[in-house]
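Dear colleague,

Please find the structure below, followed by an account of what was found in it.

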Amino acid sequence: MSFSVDNIILILAVLLTIGVLTAKFSSRLGLPSLVFFIVVGMVLSNYIYFDNAKLAQLFGIIALVIIIFDGGLQTKWVDVRRILVPSSMLATIGVFITTIIIGLFAKFILDLTWLEGLLFGAIVGSTDAAAVFAVLGNKNIRKKLTSTLEAESGTNDPMAVFLTVTIIHLIGQPDTSIIELVLRFFWEMGFGLAAGLLFGKLAVWTINKINLDSSGLYPVLSLAFAILTYSLTTFAHASGLLAVYVMAVIVGNSDLTFRHSIIRFNEGFAWMMQILMFILLGLLVFPNQLLGIVWEGLLLSVILMIVARPIGVFISMFVSKFSIKEKLFISWAGLRGAVPIVLATYPMLAGLENSQLIFNVVFFVVLTSALLQGATITPLANKLNLSESKKNSLNHTLELISIGKTNNEMIELEVGEGASVSGKELKDIELPNDALITAVIRDEKLHTPRGDTNIFSGDTLYILVSKKNREKIKTIFQGEIVESAGNFD
């Protein structure tokens, strides 16, 4: 079916509208929104013929960069660094073990070669950042668990990509040296980490130092740095996705000009890319082909959820201090999503014999994982007594938009535990002449600041100040060490 430009624009508008409505509908049902996005794509595939795997892969990678960047921006370093070791073990050893186990079963269930079976395992071996961030974002589950799952999902994609590309390479060139593959792995991960650190620091310095005419350009600049980080790191044959996540964590946990604008813009843009990506991937599937692999897909889904993933979690977290209940929850909350479907296009572009079969089964596994695991995460957390009190959502945001080329800006900071100003009245706190406290947030309530207003530890302050006095203000209200604000040290 052919479409005019006007028809394509109309379809795009309808898809975005449907995506927003289904996202709201999915939250009420407790299901990941990706399920509804994919279903929309599958329904549309009956009317729109789409089989361009290369285009789907290109759009999928761009979308993943934006989604991972958004996830990293909203990741608090104070929470992540406490679980850095277990999440790193899950993202590497856990993915590798899961790949081996599910790959062995796939070899016999799908009647594949050994390498093709392992290729299937590598494709479904990692959890998905978009799915995990979306599902856990509004759940009142222990912070240690959500931080671990979010950090794992943000960093295990590079391992899955490496294993997928490596196995495809081995299928084409079986005489490749194992030493060469090991060295390539350390180069990809090591350089990806280093590039993320470098570009993160560079992005923060640039955003804070540059003086743009419009505040709307700052979010665009941050996104440009994310895409630049991915492209240059990939150009160096290293892990671009890892670099983007590390870079985003640094940017999101730094003292940043127009912080709210940057985060809100990228959050909305990530949602838009997520909607379009899943719908596009759904278009790539022909529903009638899924009917022929129902039992194989169901069997491999069950094995992945209750055998391969738990074994990978328990072995990789053997020396961690997580309880058995917590490990069981982490095992079940390892949602699959866009990454496996995007990776499933790699064998198709490589022209492998069973690439279409692998893609269809991967798609089926992702769909069942999202449906079964996504819908039962909260009930399981309650059953295992891993829930916390209701999560408070901070509805207050305050930002000065029309700054133009002035040197003033609105900053948000939290009064530190050891701050010397805690308990003092505002009139007794010596501030720079150009500093003005515009709002005080305490116990989710906004207080209008007056001279006799007391300031206490834990208060969130919005302060209009010149850029040259930003550090002085931070020192006054937070002291030398700003750990409570989540700064990246």
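**Aromatic rings and a buried arginine**

Phe108 counts as exposed because its relative accessibility is 60% (exposed is over 50% relative accessible area, buried under 20% and partly exposed in between, with a 1.4 Å probe and protein chains only). This is a predicted model, in which local features need pLDDT of at least 70 and side-chain atom pairs count only at pLDDT 80 or more, while totals for chains, interfaces and linings use all residues. Residues are numbered from 1 along each chain as its sequence is written, and side-chain values use heavy atoms, leaving out hydrogens and water.

The charged end of Lys107 sits over the ring of Phe108, 5.2 Å from its centre (NZ of Lys or CZ of Arg within 6 Å of the ring centre and within 35 degrees of the ring normal). Likewise, the charged end of Lys144 sits over the ring of Phe322, at 4.6 Å from the centre.

Rings of Phe, Tyr and Trp (its six-membered ring) pair if their centres lie within 6.5 Å; planes under 30 degrees apart are stacked, over 60 edge-to-face and the rest tilted. The count comes to 7 aromatic pairs. Phe108 and Trp114 have ring centres 5.6 Å apart and planes at 90°, so this pair is edge-to-face. Phe185 and Phe186, with centres 5.4 Å apart and planes at 75°, are also edge-to-face. Phe185 is buried, at 17%, whereas Phe186 is exposed, at 56%. Together with Phe162, Phe185 and Phe186 form one aromatic cluster.

Finally, the side chain of Arg336 reaches the backbone oxygen of Val124 at 2.9 Å and that of Gly334 at 2.6 Å.

Yours sincerely

Key: A polar contact is a pair of N or O atoms within 3.5 Å; within protein, one must be able to donate a hydrogen and the other to accept it, and residues adjacent in sequence count only if both atoms are side-chain atoms.
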